[in-house]
Amino acid sequence: MTDGPLIVQSDKTLLLEVDHPDAEAARRAIAPFAELERAPEHIHTYRITPLGLWNARAAGHDAEGVVDALITYSRYAVPNALLVDVADTMARYGRLTLEKEGFADSVDGTGGTQLVLRTTDRPVLEEVLRHKKIKPLTGERIDDLAVVVHPSERGSLKQELLKVGWPAEDLAGYVDGEAHPIELNLADWHLRPYQQQAVDGFWHGGSGVVVLPCGAGKTLVGAGAMAAAKATTLILVTNTVSARQWRDELLRRTSLTDDEIGEYSGARKEIRPVTIATYQVLTTRRKGVYTHLGLLDAKDWGLIVYDEVHLLPAPIFRMTADLQARRRLGLTATLVREDGHEADVFSLIGPKRFDAPWKDIEAQGYIAPADCVEVRVSLPGGQRMTYATAEPEDRYRLASCSDAKLPVVQQLVERHRGEPTLVIGQYLDQLHELAELLEADVITGETPVKERQRLYDAFRTGEVSTLVVSKVANFSIDLPEASVAIQVSGTFGSRQEEAQRLGRVLRPKGDGRTAHFYTIVSRDTVDADFAAHRQRFLAEQGYSYRIVDADDL
Amino acid sequence: MPTPRRSLADDIRGRSDSELIDLVLARPDLARPAPADLTSLAARASTRASVQRAVEALDRGHLQVLEALVVDGGDPGDLGDPGDPGDPPRAESPSSSADAVSRDGERLFTLLGAPTKGERAVVMALVDDLWRVGLLWRGDHRDHHVVRTVPEVLGPTVAGLGAPIDELRPSLTPRHRDAEALRATIDAAPAPSRAMLEKMTWGPALGVLPPERAGTTTARWLLENHLLVPVAADRVALPREVGLALRSGRLHRETTLLAPDVTTRPVSLVDAVAGGSASELLTHLDELAAVWGAEPPRAVRTGGLSVRDLKGTATALDLDVDRAAFVIEIAYAARLVADDGEVVPVWAPTSEVDDWSTTEAGHRWAPLALGWARSTRAPHLVGRKVGSGSSAANALGPDVQWPAIRGIRREVLHELAALEPGQAPDPDALRERLLWRRPLRPASVLSDALDAVLREAEWLGVTGRGALSAPGRALSAALPGPTSPRARAVTSGGSPDGAAQAVAAAMSAHLPAPVDHVLVQADLTAVAPGPLEGSLASFMRLAADVESRGGATVYRFTPASVRRALDAGWTAAEFVDTVRRSSRTPLPQPFEYLVSDVARKHGQTRIGGASAYVRSDDESVLETMLAARELAPLQLRRLAPTVLVSGADPRVLVELLRDHGFAPIQEGQDGTVVHAEAPRRRAGARRRAAPPAVSPVDADFTTTLVAGLRAAEASADERRAVEETRAGPRIPTTDPIVTLSLLRDAVAERHGVWIGVSDQGGGVARHLIHPHRVDGGRVWAIDEGGHEKSYSVHRITGATLETP
């Protein structure tokens, strides 16, 4: 029995004792195949999943290495069943491969290439070909070990194969796309080491997902990938604001000029060598038809970048299935999807190519340290009675919009006067009330893009130090100097929202100040229950948080 | 069959003490009840029941040799010359026993296809083993004879071979005088007939004639040439002689005299893995006790655990159903849970569980492992349809009882123990080996039982990564060995307690060291990086929910779990203190906040029990009651101005209040007035069955037994010698009633009577008497000396009339 830092549990979680001298070595050994699930202060929890193991296989690790890592660092004997399971699962990846093969046409003697699903193990091919959903995706049999696949079914086939537990390794390669010169403009900056690693990891893997925390510079990883591809690029982002920020960032960081970057959104429909499109415009339907699908074929794209891949709407997955011949880069802060579509990300975008724990990047000084505080307020007597007798569906709103929160927000804003402060909420009434009280501007979904841009710019320059924002600000707005966030209400217990909001304050500050993240909740209500859920996420990400009473502020 | 010069009885009487001990150890059924002397031992050894047992215990090697011996010498049709395979039977005079040794051997070797010297030595060793277990007896010239009952037990078809031709049709004149003739006939058979013969060659030797014409024609040729013999209208048999000729003189298609090798692969960390599994099982049992202790599941009518409760338990333990059933059955086998025997019976932990937490882990494991090895219950049957039952077997139910599983477990353990340490067997090879060991056991018995046993052994920690662990080896040593002619049953000399000690000690060395601390983190989890010790373990189980199990345990503090601890009587301060003391790391602030938050709300609403209330609209009456000193024993307490409660029984309350001048009446639950009766309750007496006492047939016992037999034999010889010298007939033991009537007849007919009278020393004296009166339980008679004497009838062991 060794005295290793790792404990392997029977539910396939791995507990890593952080303070152990071998912890770092063990972390490096298990990171390729185990997903970091929780990273509180002493013991980190990793989970072994089939997807994780296949990710590892895709990255070139073999079962022996995985088993070896487990046995080497494990404190107690590793259950044999688990080792067997790991080996079995990993052996499933790569039994089927998608390849491009030349063929000679028997009719006119001309040749060509075709996409072929090939196996080294005939029963596996027989098994999958008998599947009702897989059969129609394949064409004629070439021999016992191979079958023709129509190029357009490449994505759907990979998706279905993953569902039946036989993920195919995609070796069919990528089209180069239309070449377009893109260089990084490295005069006054350079890629951080982990960003460079992410770009390299992606480029060598071909397609895949890069996982980086908010504020760690995902846009730059995208730019790096574009510079590596030197081809026309389609960038898919969540909303217009985000699109503008990508554009600004690309102009600043690369050799691209204003004329080379197009925006394809509700407002503008430009198609240029680098085109930035929003999810929303792509998923717009008229009479049941996606009207903007043509964009995907408008150019011979060499690279497709998916920003915030964990938010990618299901229809885009379907469209993406047709884009399998192009390089795809997914950028995200978390692989966790509240809708559970992780497997689609794996099969359609690609395996995870780079991942770094938040805390590590924070420790390297690239994102700001954060101080998370939960402030508890008591509902006044009258409201408590109203709350107690309210219908269950109204309770959350009642609790989170309590008047009792207002003075606390005011007090906090007062305390951090001068620092860029965001007040984030869910309910418009409450936001307007707060804006009035704090004499600050409000940004909601109704605010025109121009106005939003103006306010953001003002906030960035320090002209405005306090903004009240609704959940439109959750995604992809870049407020470099926000150092205080006050959350008054949220979308129930969404972990992903919590990550995004925390991301608002994690961007590195010029002076290395600590960021503050306050959540104000009403005691003894569902608000507190949801808050607990969200905080658990924070604690699991390694952020210690405190709980204080409003009276003790 | 040549007339035996001697018998099994003679053989056994001629065996040495150590040979006798071997015999009884190999066939323990001979010793129960202890036979009177060696003659009766021999008689018992040749009973059908005992021979059946002995034959069933044979492995394939021994069985094949025995079959060959039966075919060889078991009937009049003798086999031809040695070294001439394919030699057909000849009607020949029985060989003289003088050349039986060599001829025996040669024919045997041919039958078994053992031409080389080495193989012959193997056969001879096997023959020797069969003699040792008393299935063969030896004549004067070391010629071996099969015990008479063996062919009966093996049945009419030995190794798929039919009966000899003259047994099938005694009247038939054999057409083939010798082997050449038979072979020539067979070679001359037309192709379809030949195919038909080949179909029957390796058995069964009985065939049903095909209804088509073609088939009938084919068969007719064979029948006419006496290669087949009709036994019924549409049935034919292949005579033994023809069968052997077709088999080229060999008896078995494949002769496997030696056990097939078990292929193995080396594995490392066996003991550590086993220790881990054992530790996990102990945790599961702790949790099972906790879950069932709090909410014992109902026992269903047939005595098991309902499917729903099993699923619930599986969910509570975070196991799949199969594994949960195993944990439950193990707990039952180790008597940690039992049916409580109440009117509505439930499955509850037994009082053994209470000592459990203070017992060292190895000593907790030993009874589990021993219980498993000794149990006749097969957890893998849970959830399957067993036998004729229409519904699936319930855990703890009667359908899970399957005695064969115990034998399989032991065999598997012994096979594993025979391998080098650190070698894991290939399951298929192991299955082959077990089939070889017990060829007469239906193969279906092993079908999934073997897999189940291997899986259970792994769960239990008896094996680790497929190889037997050190504790598993200790367990195997503590069990009685298999009864086979070669591997003799040798039980451990020590007491059962000693066995448990050894097993416990072996496991203790490999269990993960217990830890006495947890690590509490900001996400409100606490991780115990190893098995927790007694009181801390139960505290953590109470105070937090288990989230992940294995080498370590991850606990999560939730409002519900904290409330549970507060409900159990912990105060917030104690709670935080205990966690702080047990934690290696400083407590995160949210944890303390959680506890105080729950504590703040805890107990705002109060609930209590009272067995009676007193209500009155007149508050002053209640005041008086509260003030009355004589009513103090009632412990009246005021809940509201017009309500008092008391812990006393309502009837007592009514009585006492009446005695003190109040005039209460009693209300029923619906508020109506009731008149109470005095209670009359009885508790049922409980009987407990005495535990069964097991005294194994072991070396000590057998040695004593054989010594006794030897002495008995000696005294029997002596008695025989004495009896031969003295006058008068043998006096049978007769019933007193028979004796009395015989004596009365003798009185009436003035006949002489030989009687046996037990004297004061316990011996039996013989007298020839002429009785003349039988009265009042005594008989008056004239004895040999002409003296008048009287005898008590109850002293007379037997009587027989004097033969003139």
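Predicted model: local features only at pLDDT ≥ 70, side-chain atom pairs only at ≥ 80, totals over all residues.
1. Strand β22 of chain B covers residues 764-775 and strand β23 of chain B covers residues 778-782; their pairing is antiparallel and extends over 5 bridges. Within this pairing, B:Pro771 has B:Ala781 of β23(B) opposite it.

2. The sheet around that pair. Five strands of chain B form an open sheet in the order β24-β23-β22-β21-β25, and the pairing is antiparallel. The edge positions are held by β24 (788-792) and β25 (796-801) of chain B; each has a single partner strand, so one side of each lacks a neighbour in the sheet. From one strand to the next, the twist averages 45°. Helix α32 of chain B, residues 736-749, packs on this sheet and touches β21 (753-758), β22, β23 and β25 of chain B. The direction of the helix makes about 65° with that of β22(B).

3. B:Arg750 lies in the loop between α32 and β21 of chain B. Its phi is near 50°, which is a positive value in a residue other than glycine. Most residues other than glycine have a negative phi. B:Arg750 counts as exposed because it has 9 C-beta neighbours inside 10 Å, where the cut-off for this class is 12 or fewer.

4. A:Glu308 belongs to the loop between β16 (303-306) and α12 (314-320) of chain A. Is A:Glu308 buried or exposed? A:Glu308 has 23 C-beta neighbours inside 10 Å and therefore counts as buried, the cut-off being 20 or more.

5. A second sheet in chain B. An open sheet of 3 strands in chain B has the order β3-β5-β4, with antiparallel pairing. β3 (206-208) and β4 (229-232) of chain B are the edge strands; each has a single partner strand, so one side of each has no neighbour in the sheet. On average, neighbouring strands of this sheet are turned by 35° against each other, direction ignored. β4(B) and strand β5 of chain B, residues 235-237, run antiparallel and are joined by 3 bridges. B:Arg235 in β5(B) is the bridge partner of B:Ala232.

6. Chain B as a whole. Chain B contains 32 helices and 25 strands. Of its 804 residues, 38% count as buried. Among contacts in chain B between residues at least 6 apart in sequence, 69% join residues at least 24 apart.

7. A helix pair in chain A. Helix α6 (residues 154-163) and helix α13 (residues 342-349) of chain A pack at an angle of about 135°, and their axes are 8 Å apart. This angle makes α6(A) oblique to α13(A). The crossing of α6(A) and α13(A) is right-handed. Residues of the contact include A:Lys158 and A:Leu162 of α6(A), and A:Phe346 and A:Leu348 of α13(A). By class, the residues of the contact of α6(A) with α13(A) are 4 nonpolar, 3 polar and 2 charged.

8. The contact between the chains. Chain A and chain B each give 26 residues to their contact. On the side of chain A, the elements that give two or more residues are β1 (6-8), β2 (13-17), α21 (526-540) and β25 (545-549) of chain A. The side of chain A that touches chain B has 12 nonpolar, 6 polar and 8 charged residues.

Note on methods. Residues numbered from 1 in each chain as written. Chains lettered and ligands numbered in written order. Pairing = 2+ DSSP bridges. Helix = DSSP H or I, 4+ residues; strand = E, 2+ residues; numbered from the N terminus. Axes fitted to C-alpha atoms, helices over the stretch in contact; angles between N-to-C directions. Contact = placed C-beta atoms within 7 Å. Parallel < 35°, antiparallel > 145°, perpendicular 65-115°, else oblique. Left-handed = near helix turned anticlockwise from the far one by under 90°. Nonpolar A, V, L, I, M, F, W, Y, C, P; charged D, E, K, R; others polar.
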